2 protein chains.
Amino acid sequence: MHQELPHARPVEFRLLNECPDTQARRGTLHTRRGVIETPAFMPVGTQGTVKGMLPEQLKEIGAQIILGNTYHLYLRPGHERLARLGGLHHFMNWDRPILTDSGGFQVFSLGALRKIDEEGVRFQSHLDGSAHILTPELSIAVQEALGSDIMMVFDECIPHPATRSYVAESTARSSRWAARCKKARTDESAALFGIVQGGMDRELRQQSAEDLLATGFDGYALGGLSVGESADVMYQVMEWSLPLLPQNRPRYVMGVGTPENLVEAVSRGADMFDCVMPTRNARNGVLFTSFGRISIKQARYIEDAMPIDPECSCYVCRNYSRAYLRHLYQSNEILASVLNTTHNLYYYLHLMQDMRDAIAAGKFKAFREAFYHKQISAGEA
Amino acid sequence: MHQELPHARPVEFRLLNECPDTQARRGTLHTRRGVIETPAFMPVGTQGTVKGMLPEQLKEIGAQIILGNTYHLYLRPGHERLARLGGLHHFMNWDRPILTDSGGFQVFSLGALRKIDEEGVRFQSHLDGSAHILTPELSIAVQEALGSDIMMVFDECIPHPATRSYVAESTARSSRWAARCKKARTDESAALFGIVQGGMDRELRQQSAEDLLATGFDGYALGGLSVGESADVMYQVMEWSLPLLPQNRPRYVMGVGTPENLVEAVSRGADMFDCVMPTRNARNGVLFTSFGRISIKQARYIEDAMPIDPECSCYVCRNYSRAYLRHLYQSNEILASVLNTTHNLYYYLHLMQDMRDAIAAGKFKAFREAFYHKQISAGEA
């Protein structure tokens, strides 16, 4: 169903529409494993599975691409083993594109268990305490062994708040690491994206973007967002950074975010997203709806025969009541996670489809207003 | 797809084939929600879900009927609430037949938390310690509120070993309770099955069967098996008891068992089965194959690219390696339970289909020999 188009680069981004009044844009990203319509949301498949979902179920709800985690798969089952087993796609029975992160985010999240120097990051496995060093070169080797279609450069996701001098030092190092990643790449049919860092500092964001553009990548991401800053600051950084990136390359805002965050990021010109929010929230019983979030564990739903969201047409909303979903959650049933995840991912993927449709119709601004109006009305009700 | 046939009773059993050389028989059980081909295995859906399986997935692997648990659903979400929510079928999105147990087995399993007298069983909820009394009348009221298609009489599943005097006393009480259940029934379109008890005592099994036949039920079960007795004793009790039951009524052997147990029970004339073995084992990483059981957590599978069972054509064996399933299990992934359960239930349901085919072809004895030969060969390998 994804038609391959001839192109010289490992990915080609085609801009289809730009929206008047906002920076929102619609396009197609052509990869060796198929075409992704953008703006796109990528469900997160940390350990070789999007938790609770079969590949066929992901396709049914419209997932075009998923994300795999280099750190987790490097530790278990191991990238060399995965390569011998035919790569991540074959391992997990997923034939559409996979984007892999660099492992940087997870390694830096280890806190006291890791140490950074110019070479890379020394860390201890969260599984067994074993000692490892992750470098830009190893990160690319792991991502290539997995068979990633879109690889990310190894960088530091800078914590927030941080001193300006630390942000400057880290950002410069990430730029050097990005260049090493490009040099380490051997698989020219897989894309490699650079990641703009620079914390919440406009000048450092600009410097980072310039460094990456000088090296040259197939696409560009904004990293270091959704790390504790306010939404206003996040949007400000997007407004500073996104216009610095080339129009003819995809722009990926990493680890973001809430439905509101996605709408705001798209209106500022972002094309790709990933976030654990829909999947992790699902497992905690928090569900996204057209009128805001609900917590299905609440006693008010104990005998509620309505679907999660009467406006949603996903499999779960077509077949199950809030009362049933609450019962499954309270009973610690596996199906609670399965059904909640199905609904939340459908919500996210459907939101992206709605945004693509609105951009195509030149009505993104009206879409955005209606999106907020609905949530505000529900909040007041 | 299940064509309803006109009949006076809530269920009608039609005997299609009897096998030469064994007591194995093939038939169809016609219920108000469709036809069940026998011998049949019923996946267990304790809390309104067969753990980890969507209703559509159950249908895809050939589940014709599932079992619901009166005790669990009475406590949560409650049978009156379930009735207001449209009954168990609607609640869990399952439109094929449901057989419900009586709650007796679970209540008696509570040990120190329960007390028996002629009226019924006083017990404390395992969820919140609240006090309850389950009687034959309440058991039927709960099963009717759930919308059960085949209800079971409330009885005591006698522990093993037990003194003869206790078995005699309990069996006589179960017979009186069974008669009370029949009297309490108000929904004449739902079937009610009696349960032969009597421990491992031939005379008491015979007495129990006579009592139940005198009262008269739509079908008959053997209870009190797979409670710690040896397989030889279990088969002996089947040989004593099954011939006492009418040829034109279905015979259900409760809570049994291993694949071998099913083959042996079918060869002795049993028609219906339920057991948590395929589902519970799946969640513990134990998988059934044509060459015996394997434990997928073993290190030997870490890089094994083979499917669980090369002879199996289930969704899991067609798409995933042992290495992937081991990885999911080791990583505590939800998908481990989903895929393992899918495979194990397919194995059980497929085994029943193979037995039905063998009986239809008049070759059940040869089937049984081949079944053991394969397992023994694998054991020697």
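This is a predicted model: local features need pLDDT of at least 70, side-chain atom pairs count only at pLDDT 80 or more; totals for chains, interfaces and linings use all residues.
Residues count from 1 along each chain as its sequence is written, and chains are lettered from A in the order in which they are written. Local features need pLDDT of at least 70, side-chain atom pairs count only at pLDDT 80 or more, and totals for chains, interfaces and linings use all residues.

**Exercise 1.** Work out how helices α6 and α7 of chain B pack.

*Solution.* Start with the helices, which are DSSP runs (H or I, at least four residues) numbered from the N terminus. In chain B, α6 spans residues 136-146 and α7 spans residues 164-184. Their axes (lines fitted to C-alpha atoms over the stretch in contact) lie 8 Å apart, at an angle of about 45 degrees. Angles run from 0 to 180 degrees between N-to-C directions. Under 35 degrees is roughly parallel, over 145 roughly antiparallel, 65 to 115 roughly perpendicular, and the rest oblique. So α6(B) and α7(B) are oblique to each other.

Next, look at who touches whom, where contact puts C-beta atoms, placed from the backbone, within 7 Å. P136(B), E137(B), S139(B) and I140(B) from α6(B) meet W177(B), R180(B), C181(B) and A184(B) from α7(B).

**Exercise 2.** Find how chain B relates to chain A.

*Solution.* Superpose the copies by least squares on C-alpha atoms of residues with pLDDT of at least 70 in both.

Now the contact itself: chain B and chain A each put in 30 residues. On chain B's side, α13(B) gives the most, with five residues.

Notes
Helices (H or I, at least four residues) and strands (E, at least two) are DSSP runs, numbered from the N terminus. Two residues are in contact if their C-beta atoms, placed from the backbone, lie within 7 Å.
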